[in-house]
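I opened this entry to record what I looked up in the model. I begin with the chain as a whole and then go to single elements.

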Amino acid sequence: MNNLSSTIVRTVVAAATLLVAAAAAHAEGNVEAGRQKAEMCIGCHGIPGYQNSFPEVHKVPKISGQSDKYIVAALAAYKKGDRKHPTMRGIAGSLTDEDMADLAAFYAAQAESTAAEAPKAPSEAVKALLDKGACASCHGANFSKPIDPSYPKLSGQHADYLYVAFKSYTVDGNRYVGRANGIMAGIAKQFNHNEMRELSQYLSTLETELRTVPQSRFR
């Protein structure tokens, strides 16, 4: 592990300790209340393979099975503007803390399986990239057990979404694209776009807890 990766890991562990304590202070969401509030979400996240077309084209991420703390953290980042996405900014901006907690509880409860403890082995080239970014140090050895529940599960997520998300941490000064996260920015800027695609493709092939629940399941 290089010096930059070691520094990032130490920073992440310290930050995770604070985030876990902060997350514990939040009220637990209500699954049934979240089911009622999810009507605003199913038009995109309830359609398998549905594609986002602006500001970049990619499949809408699978959110059923993500942890409730991650979903709350992501919605809060969209609401604050730390994650730039016009549609998600508008939706998140309309939500209260209770709404976020309820939606998060609902989607977290939809995990259907458990990801394998040991993921399939990557190629030597991809392994070198994973080691360079110290990815397992934050997202878990199987990339589905993050060290902090406010970090996302990556295994089995759509490759094109992972690539766009990864790349967004390197974007500055764009009105519609970008994510403000110092830790991820430091990691992402170590990679070129082809390397990001390689990492994203590998992670997308892993066994996962994530899924898209079709709209009909909500009604």
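I looked up burial first: of the 219 residues in the protein chain, 46% are buried. The model is a predicted one. For the surface, I noted that the protein chain exposes about 10800 Å², with 56% of it supplied by carbon and sulfur atoms.

Next I listed the secondary structure. I found eleven helices and two strands in the protein chain. In sequence order I wrote the pattern down as α-α-α-β-β-α-α-α-α-α-α-α-α. I also checked contacts with a separation of 6 or more, and 75% of these join residues 24 or more positions apart.

Then I turned to one helix pair. I noted that the axes of H7 (residues 124-133) and H11 come within 10 Å and cross at roughly 100 degrees. H7 is therefore roughly perpendicular to H11, since 65 to 115 degrees counts as such. On the H7 side I listed Ala125, Val126, Leu129, Leu130 and Lys132, and on the H11 side Glu195, Glu198, Leu199 and Tyr202. I sorted the residues of this contact into six nonpolar, no polar and three charged.

Last I looked at threonine 208, which lies in the segment after helix H11 (193-204). Is threonine 208 buried or exposed? I read a relative accessible area of 17% for threonine 208, so the residue is buried, the cut-off being under 20%. Leaving out residues up to four places away in sequence, I found that threonine 208 touches Ser113, Ala115, Ser155 and Gly156. For serine 155 I noted a backbone oxygen 2.6 Å from a polar atom of the threonine 208 side chain.

Technical notes. Residues are numbered from 1 along each chain as its sequence is written. This is a predicted model: local features need pLDDT of at least 70, side-chain atom pairs count only at pLDDT 80 or more; totals for chains, interfaces and linings use all residues. Side-chain values use heavy atoms; hydrogens and water are left out. Helices (H or I, at least four residues) and strands (E, at least two) are DSSP runs, numbered from the N terminus. Buried means under 20% relative accessible area, exposed over 50%, partly exposed in between (1.4 Å probe, protein chains only). A polar contact is a pair of N or O atoms within 3.5 Å; within protein, one must be able to donate a hydrogen and the other to accept it, and residues adjacent in sequence count only if both atoms are side-chain atoms. Contact means heavy atoms within 4.5 Å. Accessible areas come from the Shrake-Rupley method with a 1.4 Å probe; for residues, only the protein chains shown count as cover. Axes are lines fitted to C-alpha atoms, for helices over the stretch in contact, and angles run from 0 to 180 degrees between N-to-C directions. Angles under 35 degrees count as roughly parallel, over 145 as roughly antiparallel, 65 to 115 as roughly perpendicular and the rest as oblique. Ala, Val, Leu, Ile, Met, Phe, Trp, Tyr, Cys and Pro count as nonpolar, Asp, Glu, Lys and Arg as charged, and the others, Gly among them, as polar.
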